[in-house]
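Hi,

Here is the structure I promised to pass on.

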Amino acid sequence: FSAFFLYNLISHYFNRRKSAYVLWWAAGVLFYGLGTLVESMFTLNGWSEPIFKAWYILGALLGGAPLAQGTVHLLLKPKTAHRLSILLIALILFATTCVILSPVDYNLAPTGKLSGKVLEWRWVRLITPFINLYAFVFLVGGAIWSAYKYTRNKRKRFMGNIYIGVGGLLPGIGGTFSKFGHTEVLYVTEFLGLLLIYAGYKIISNDTS
C-alpha cells in the first residue's frame, strides 16, 4: 500500500504544480513503507544487527519526520520551511551515522521485539524524542490546525485534515502498546494510520471548491 501511495504522490508531483511538500510526503511514505518492511523481516527472520539498525533509522528517525516536513512546507513561509528542512536533514544524518557506528550489546538483544536499548552509545537515543516531537507537532498538530481553519467553509478539507491527523497519531498509539509486548497492535495501527493519511490526502487533493 505504501508503494501505491508513493506512486500517487510522484504522479501528483509531475502532473500538477511541482511543490516541495509533495516530495517530502513522497519521501515520508517511502520510508514509512521501508520501515514496515523491516518490521516484517524481523517478524519472519528474527533479530539481527542489520535489521535492528535499519528498523531504528527507518522507524525511530524517519518514521514521521518527512511527512511532518511536508506539512511544514504547506503551513510556513518558504524561507522558514527550507531552513527547518536543512536542520532536520542535518540532525537525521547525524543520528543515522551514530546509529550505524554504535556498537551493539548482544546481551540485551531481545528475541521477541525490537528495542533501542541494545545501542551501547545510549546518548544516541536522546536524539529520537526531539525528532518524534517535531514530527508530532507538525504532522498531527498541523493537520488539526488546518482542520480548524476549514471548519466553517470547506467541509471536505476539514475532514481530510482530520483523517491525516488521526492517521499520524495511530502509529504512536501502536508504539505504546509495543513497549508492553503487544507488537501486533503496532502493525495494525501503522497500516490503519497510512490508510487514513492516504484518504485525507485524496480528499484534499480532489477538492476543487
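Is W123 buried, partly exposed or exposed? W123 counts as partly exposed because its relative accessible area is 44%; the scale runs from buried (under 20% relative accessible area) to exposed (over 50%), with partly exposed in between, using a 1.4 Å probe and protein chains only.

Before the rest, some housekeeping. This is a predicted model, in which local features need pLDDT of at least 70 and side-chain atom pairs count only at pLDDT 80 or more, while totals for chains, interfaces and linings use all residues. Residues are numbered from 1 along each chain as its sequence is written, and side-chain values use heavy atoms, with hydrogens and water left out.

Back to W123, then. You'll find W123 in the loop between helix 5 and helix 6; helices here are DSSP runs (H or I, at least four residues; strands are E, at least two), numbered from the N terminus. W123 belongs to a nonpolar surface patch of about 710 Å², together with L91, F94, I100, L101, W121 and L126. Patches are built from residues with over 30% relative accessible area and no salt bridge, joining nonpolar side chains (Val, Leu, Ile, Met, Phe, Trp, Tyr) within 5 Å and like charges within 9 Å. The areas come from the Shrake-Rupley method with a 1.4 Å probe, and for residues only the protein chains shown count as cover.

K113, K117, R122 and R125 gather on the surface as a patch of positive charge (Lys and Arg count as positive, Asp and Glu as negative, and His and the chain ends are left out; a charge is placed at NZ of Lys, CZ of Arg, CG of Asp or CD of Glu). R125 sits in the loop between helix 5 (78-101) and helix 6 (127-149), and R125 is partly exposed because its relative accessibility is 33%. K113 is also placed in the loop between helix 5 and helix 6, and K113 is partly exposed, with a relative accessible area of 32%. The C-alpha atoms of K113 and F42 are separated by 8.4 Å, although these residues are 71 apart along the chain.

Now for the pairing of charges. Side chains of opposite charge can pair when their charged atoms come close. A search of the whole structure turns up 1 salt bridge (a side-chain nitrogen of Lys or Arg within 4 Å of a carboxyl oxygen of Asp or Glu). That bridge joins the side chains of E49 and K53, at 3.2 Å from N to O. E49 and K53 are 4 residues apart in helix 3 (residues 49-61), so about one helical turn separates them. E49 is partly exposed at 24% relative accessible area, whereas K53 is buried at 8%. The side chain of K53 also reaches the backbone oxygen of S102, at 2.8 Å.

Another one to click on is T128 in helix 6. T128 is buried, with a relative accessible area of 7%, and its side chain makes a polar contact with the side chain of Y56 at 2.7 Å. By polar contact I mean a pair of N or O atoms within 3.5 Å; within protein, one must be able to donate a hydrogen and the other to accept it, and residues adjacent in sequence count only if both atoms are side-chain atoms.

Lastly, helix 4 (residues 65-75) is mostly covered, with 9 of its 11 residues buried. Among them are P66, L67, V72 and H73.

Cheers
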